[in-house]
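Look at the structure below.

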Amino acid sequence: MVNQVAFLGKGEGDGGGDARGNPDRPRAGYELPLLLFAGFRTLIDDVHAELARQGHPDARPAHGFALQAIGLDGATASDIARRLGISKQAAGKTVDRLVALDYAERVDDPADARRKLVRLTARGHDVLARSAAIFDRLRAEWATVLGEEQLRAIEDGLSAVAAPGAFRLDAAGWIGGMG
């Protein structure tokens, strides 16, 4: 059985060991990235379900990366493409979608009249602020389930093994093979 994805879900295998809950057998190496991704996916899905309830039903995970790439000072489409690790065309389509959703706007660049800047709108700032608050609430929920000490140990452990500079906004492009 080579890299067979047979993740059983919450409550199964929680005591250590393999995905089937066998505590005497060490977990297979491929289970670690699957568990990390499952935790990430759970958080992201929960954030977006709550954002939908709070008035942002069209917000998608990729939008969060793009809004971060735009930043507080705005950015050109080329800057956004570079930060996300995607083509200029893909960045342009992403910006078009963010503009259509009123999360961003295109404005003249005061430093260069030939360029356009993409800036966050009030709605863009709102979705980012709400996301941050929801992530804080979800972290607190995880601390309730796992215990604050264990959650901090997980966070500290991941910080210790993550490569320097591993957190980048080009994750969506990297996963999709676009970068």
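Predicted model: local features only at pLDDT ≥ 70, side-chain atom pairs only at ≥ 80, totals over all residues.

Residues are numbered from 1 along each chain as its sequence is written, and side-chain values use heavy atoms, with hydrogens and water left out.

**Core**
- A nonpolar core is a set of buried Ala, Val, Leu, Ile, Met, Phe, Trp, Tyr and Cys residues joined through side-chain atoms within 4.5 Å; buried means under 20% relative accessible area, exposed over 50%, partly exposed in between (1.4 Å probe, protein chains only).
- The largest such core has 26 residues, and Ile 70 and Leu 98 are among those with the most contacts inside it.
- Its largest share, five residues, comes from α2 (helices, H or I, have at least four residues and strands, E, at least two; both are DSSP runs numbered from the N terminus).
- Beyond its neighbours within four places in sequence, Ile 70 is in contact (heavy atoms within 4.5 Å) with residues including Ile 80, Leu 98 and Val 118.

**A loop residue**
- Leu 101 lies in the loop between α4 and β1 (104-109).
- Leu 101 counts as buried because its relative accessibility is 10%.

**Surface**
- Val 161 is found in helix α6.
- Val 161 is exposed because its relative accessible area is 68%.
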